[in-house]
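Please look over the sequence and the structure shown below before reading on.

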Amino acid sequence: MTRIYLIEDNPLIADTLTDGLQHFSECDVIGTATTSGDAIDWFKDNPEGWDAAVIDIFLAEGNGLTVAQYLQEHKAPAQRTVVLMNYATSEVREGALSAGVDAVFDKSLQLEAFYEFCRQLNISPRR
């Protein structure tokens, strides 16, 4: 089962995504962070303890792109990073992809595609 670390500052959205990831994608949300600093600290302490990071750009403190840039330099080749945000404009998409993320999804328009992307992570061989 794919181990997902979720970076999302809205508790209601985090709970909804956790339920959806488990139900639709058969993924296990192993933890959450609400700030970029907490997320980066977790990744430093658990470099091999995750398979995919799901990152919101706008956080309570800090910015999801900071997390994405950190992971671009420190993740293993098989680990995936995904940005899931509201209002995924072309500028923000380009910035996220430049930061090395594997995919960008809009929470309000592309949730089914996001769940399918995560479901495919369970099928793809890891490490």
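Which kind of contact do the side chains of Arg 3 and Asp 51 make? They meet in a salt bridge, with N and O 3.0 Å apart. This is a predicted model, in which local features need pLDDT of at least 70 and side-chain atom pairs count only at pLDDT 80 or more, while totals for chains, interfaces and linings use all residues. Residues are numbered from 1 along each chain as its sequence is written, and side-chain values use heavy atoms, with hydrogens and water left out.

**Salt bridges**

- Side chains of opposite charge can pair when their charged atoms come close.
- A salt bridge is counted here when a side-chain nitrogen of Lys or Arg lies within 4 Å of a carboxyl oxygen of Asp or Glu, and by this rule the count comes to four.
- The side chains of Arg 3 and Asp 51 form one of these bridges, and the pair links distant parts of the chain, since Arg 3 belongs to strand S1 (residues 3–7) and Asp 51 to the loop between helix H2 (36–45) and strand S3 (52–55), 48 residues apart.
- Helices (H or I, at least four residues) and strands (E, at least two) are DSSP runs, numbered from the N terminus.
- Arg 3 counts as partly exposed because its relative accessibility is 26%, whereas Asp 51 is buried, with a relative accessible area of 6%; buried means under 20% relative accessible area, exposed means over 50%, and partly exposed lies in between (1.4 Å probe, protein chains only).

- Glu 8 forms a salt bridge with Lys 107, and the closest N and O atoms are 2.6 Å apart.
- Glu 8 lies in the loop between S1 and helix H1 (11–24), and Lys 107 in the loop between strand S5 (103–106) and helix H5 (111–123), so this pair ties together parts that are 99 residues apart in sequence.
- Glu 8 is buried, with a relative accessible area of 3%, and Lys 107 is buried as well, at 11%.

**Aromatic rings**

- Rings of Phe, Tyr and Trp (its six-membered ring) pair if their centres lie within 6.5 Å, and planes under 30 degrees apart count as stacked, over 60 as edge-to-face and the rest as tilted.
- A search of the whole structure finds eight aromatic pairs.
- In one of them, the ring centres of Tyr 5 and Phe 43 are 5.2 Å apart and the planes stand at 70 degrees, so the pair is edge-to-face; Tyr 5 is in strand S1 and Phe 43 in helix H2, 38 residues apart.
- Tyr 5 counts as buried at 3% relative accessibility, and Phe 43 counts as buried at 3%.
- Phe 114 and Tyr 115 form a tilted pair, 5.5 Å centre to centre with 50 degrees between the planes, and both are buried.
- One aromatic cluster is formed by Phe 24, Phe 105, Phe 114, Tyr 115 and Phe 117.

**Pro 11**

- Pro 11 is found in helix H1 and counts as exposed, at 60% relative accessibility.
- Pro 11 and Thr 32 are 21 residues apart in sequence, and their C-alpha atoms are 9.7 Å apart in space.
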